[in-house]
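I would ask you to look at the sequence and the model before I continue.

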Amino acid sequence: MAERYMLEARGLTRRYGGFAALNNVSFALEEGEIRGLIGSNGAGKSTCMDVLTGRGKNPMGLVMLDGEDISKLSERERRAKGLSRSFQKTSIFHDLTIREQIRLAARKAEADNSEEVISELSLSHIADRPASDVSYGDQRRVDLALALVGRPKLLLLDEPAAGLTVEESLAMARMLRGLSERWKLTVMLVEHDMEVIFAICDRLTVLHLGEVLTEGDPESVRSNPEVVRAYLGSSFA
Amino acid sequence: MLIQILNGLVYGGMLYIVAVGLVLIFGLRQVVNFAHGGLYMLGAYIGFAAGLYFGFWGGLVVALVLMALLGVLLDYGVFRPLQDKDHMTTVLVTFGILLVLEDVVHMIWGADTISVAMPELFEGTIQIAGSPFPVYRLLVIAVAIIVVVGLTLWLRFSRAGLYVRASSVDALTTGMQGVDTERLSLSVVGLGTALAGLSGVIASPLMALSPSMGSSVLIESFIVVVIGGLGSFSGAFFAALVIGQVHNLGIVYLPNVSSMLPLLLMVVVLILKPSGFARQH
Amino acid sequence: MSNISSTSVLSPSVPSNQGFGLYLVVGCIVAVLGFALPFMGLPKNLLSLLTSASISAILATSVGFLVRQAGLSSFGHAAFFGGAAYAVALLVNYTSLPSEVVILATPLLIMVLSGIISLILLRTNGIAFSMLSLAMAQAIYELVMKWRDLANGEDGLRIRFAREIFGVKLSFFQKADTMFLTTWTALVVMVVIVVLVSRSNFGTLTIAIKNNEERARFLGYRTLWPRIVVLMLSAFIAAVGGTLFSMYNGYVTPSLLHWTLSGEALIIAIIGGTRSVWAPAVGAFVFVILRDVAGNYTTHWQSIVGLVLIAVVLALPNGLGGALTSFANRLGGRKNG
């Protein structure tokens with residue numbers, strides 16, 4: 001057990017009227033860890049992402065980044081502290097070229113490693129094209145690149161493999177693993193794609209109906225009967 | 001005092017009829033129809049021209065029919081083909097149409113103002129609170145009430161009305177419900193433009209015709225729609241009521257700033273509630 | 001703001017850097033030619049037309065700039081343009097400030113006021129912004145029309161300029177051939193400013209905010225003040241145009257504040273094209289000259305404008321400027337970027 005965690009979440013809660021999308025969720029990530037956040041649809045994974053990054057109003061609970069309480073900070077301020085995220089629904093800048101927007105992100109980040117990021121994500125050959133002008137898979141990688149720039153302390157990825165082919169997903173997973181090791185990134189990723197999860201995650205946190213069901217390394221989670229029950233019918237095994 | 005309020009109702013009534021047409025079109029197509037003021041004007045002129053042959057009421061009918069047809073054309077030829085593009089594109093196209101309409105009216109009927117005679121049946125006055133009050137103005141209020149009631153009933157109880165209300169909230173889902181959305185759109189937009197024409201015709205005996213009448217009503221109906229909340233029918237009703245009273249009381253008590261008041265009200269509303277008075281969708 | 005790539009007239013893509021050298025050369029040539037114009041013995045009417053056109057070009061540039069950098073279609077720029085003209089008139093006529101001070105200070109004054117109003121205006125986006133700008137500007141129009149004691153209402157105001165301004169006789173600014181030099185200089189300066197701003201990091205940031213404000217925030221950027229700055233700069237440029245107008249004509253009327261003036265400027269900007277910052281200015285010259293020419297053949301100029309607007313919006317989303325650029329790119333064998 002590490003003395004200090006890179007990310008500590010305690011009692012994360014978000015209600016919509018009487019409905020609790022997230023209920024008292026707590027977990028902690030060590031530096032350099034890759035944590036997968038999984039759960040069936042509606043389990044609260046995206047809500048969890050939003051609360052961690054300060055998206056939306058009235059988040060409840062404590063969020064500590066590298067020992068610092070960031071619960072009350074806006075998304076802009078959290079980024080300044082080193083918390084970066086990508087988006088499930090691709091969120092990039094269509095009128096800017098890929099290079100321009102990555103540089104834009106770099107100017108506000110810890111370090112300017114634009115070119116490194118561009119080559120790591122295989123965007124070099126299209127870097128000077130407007131982002132609207134490239135394939136969906138490329139756009140997903142741009143979304144990811146915008147989050148990766150500057151080597152943030154903590155990277156939150158919301159279904160990075162969404163809409164990608166099997167090869168593209170695995171390539172992305174390998175790249176993420178490599179970068180995390182080289183740059184000592186702490187990563188939390190929400191994913192449905194189990195191949196990606198098992199390819200790179202050190203530990204998994206399982207959400208179900210807004211609460212933490214269980215936590216552990218991939219193998220034990222996979223064979224946990226409770227988890228299997230919660231996922232009944234899904235392609236989990 | 002009662003007279004003032006009644007006059008405010010007259011103005012508010014006319015404004016409501018034209019503004020609710022805008023709301024119909026906006027709710028359906030998410031487009032602010034800049035041509036609406038031009039349609040109000042065109043309806044008034046057509047009513048006048050046809051009225052020379054068929055009398056006031058005949059002219060009204062002709063105007064309603066033609067404006068409805070124009071609305072169908074507008075939906076078919078402009079709104080529908082452009083529905084996937086940026087809404088601003090359609091707005092600009094309607095702006096272009098407004099310019100053309102104004103020029104066409106100018107070309108056919110000239111730039112001078114034309115006064116329109118009241119229908120004979122309603123020419124007299126009636127004693128209200130000790131003062132004579134034109135019967136025609138009461139008619140205008142009556143027509144407005146009929147429109148309010150008719151629309152409310154239609155929206156609540158007819159399938160088309162249900163569709164319109166649903167569309168205002170979520171156009172995509174409604175489209176998937178199996179309703180023949182495109183055909184319904186044609187009639188709803190046609191209704192919206194016909195209402196603009198209706199307002200123009202019944203307003204014409206009270207306010208002379210001129211090629212600039214479209215622009216001024218356009219701004220006021222925008223104000224009503226925005227204050228009422230883009231897309232809200234009840235909001236447009238209350239807003240028109242309020243603006244009607246403000247407009248009138250303003251003319252009487254604060255003539256220097258009376259025309260500014262509705263505009264300032266719009267600014268205030270937009271500051272406090274960028275979505276207007278409407279309930280949040 | 002939508003994430004979907006919009007193909008509308010209001011979403012220009014940033015031109016590639018390759019072409020910049022060419023633009024620079026062409027721009028310089030055009031600028032120099034402009035300075036030479038008054039000395040080429042052109043007929044007075046034409047020069048007068050060109051002077052008016054360059055003032056319109058300044059206004060069109062300001063409107064187009066706001067569209068390009070903030071995605072906002074203003075129907076209220078007459079408030080800045082006409083407002084500046086009226087500010088000059090009122091300050092010159094009713095205060096003892098020297099004309100030079102008034103002329104230099106007015107654009108700055110309007111810019112500051114626009115910054116304050118922007119706190120209200122920028123609470124909205126898209127169509128709501130268009131309507132709000134329309135309403136606010138029209139309120140000012142109504143105020144001026146109705147408050148006769150202040151500004152003489154419909155009849156307008158004659159401006160009692162000093163006989164010499166900046167050490168030069170007043171007539172310098174009111175005769176076409178000499179005033180053209182002033183307005184052309186101003187236009188060139190304004191265009192250079194918007195070119196520099198649009199190509200800067202700040203320009204990139206504002207386009208990013210226009211495309212996707214949320215992601216810009218998640219990258220760590222504040223997103224309100226860049227938009228305020230863009231609006232203020234746009235207002236400043238429009239005010240420069242209005243100030244020049246007041247100097248050239250020596251007379252202001254409420255029509256300078258009417259929303260149709262704003263609408264016309266927006267139309268010109270769109271027909272010229274909002275993809276490039278210089279295209280609205282080109283559109284203005286084409287518009288003003290064509291309007292004059294067409295006046296000899298038809299009284300239906302307004303219909304023509306309406307129809308051309310519709311055609312451009314539907315068929316040429318990047319306006320005439322965009323069409324020109326595409327054509328030039330194709331000539332040069334470059335890929336359209």
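Let me begin with a definition: axes are lines fitted to C-alpha atoms, for helices over the stretch in contact, and angles run from 0 to 180 degrees between N-to-C directions. The model is predicted, with local features needing pLDDT of at least 70 and side-chain atom pairs counting only at pLDDT 80 or more, while totals for chains, interfaces and linings use all residues. Residues are numbered from 1 along each chain as its sequence is written, and chains are lettered from A and ligands numbered from 1 in the order in which they are written.

I turn to chain B. Helices here are DSSP runs (H or I, at least four residues), numbered from the N terminus. Helix α1 (residues 2–29) of chain B packs against helix α8 (residues 213–228) of chain B at an angle of about 65°, their axes being 9 Å apart. That makes α1(B) roughly perpendicular to α8(B), a class that covers 65 to 115 degrees, whereas angles under 35 count as roughly parallel, over 145 as roughly antiparallel and the rest as oblique. Residues are in contact if their C-beta atoms, placed from the backbone, lie within 7 Å. On α1(B) the contact includes Leu15(B) and Ala19(B), and on α8(B) it includes Glu220(B) and Val224(B).

Not counting residues up to four places away in sequence, Val224(B) touches Leu15(B), Ala19(B), Ala236(B), Ala239(B), Ala240(B) and Ile243(B). A nonpolar core is a set of buried Ala, Val, Leu, Ile, Met, Phe, Trp, Tyr and Cys residues joined through C-beta atoms within 7 Å; buried means that 20 or more other C-beta atoms lie within 10 Å of a residue's own. The largest such core has 188 residues, and Val224(B), Ala19(B) and Ala135(C) are among those with the most contacts inside it. Helix α2 (residues 36–79) of chain B gives the largest share of this core, 19 residues. Another core, of 73 residues, lies apart from it and includes Phe93(A) and Tyr221(C).

Now to chain C. How do the axes of helix α3 (residues 78–94) and helix α11 (residues 224–249) of chain C cross? They come within 7 Å and cross at roughly 50°, which makes α3(C) oblique to α11(C). Among the residues that meet are Phe80(C) and Gly83(C) in α3(C), and Ala235(C) and Phe245(C) in α11(C).

Finally, chain C touches chain A, with 22 residues from each contributing to the contact. On the side of chain C, α9(C) provides the largest share, six residues.

Methods
A residue is buried if 20 or more other C-beta atoms lie within 10 Å of its own, exposed if 12 or fewer, and partly exposed in between; C-beta atoms are placed from the backbone. Helices (H or I, at least four residues) and strands (E, at least two) are DSSP runs, numbered from the N terminus. Two residues are in contact if their C-beta atoms, placed from the backbone, lie within 7 Å.
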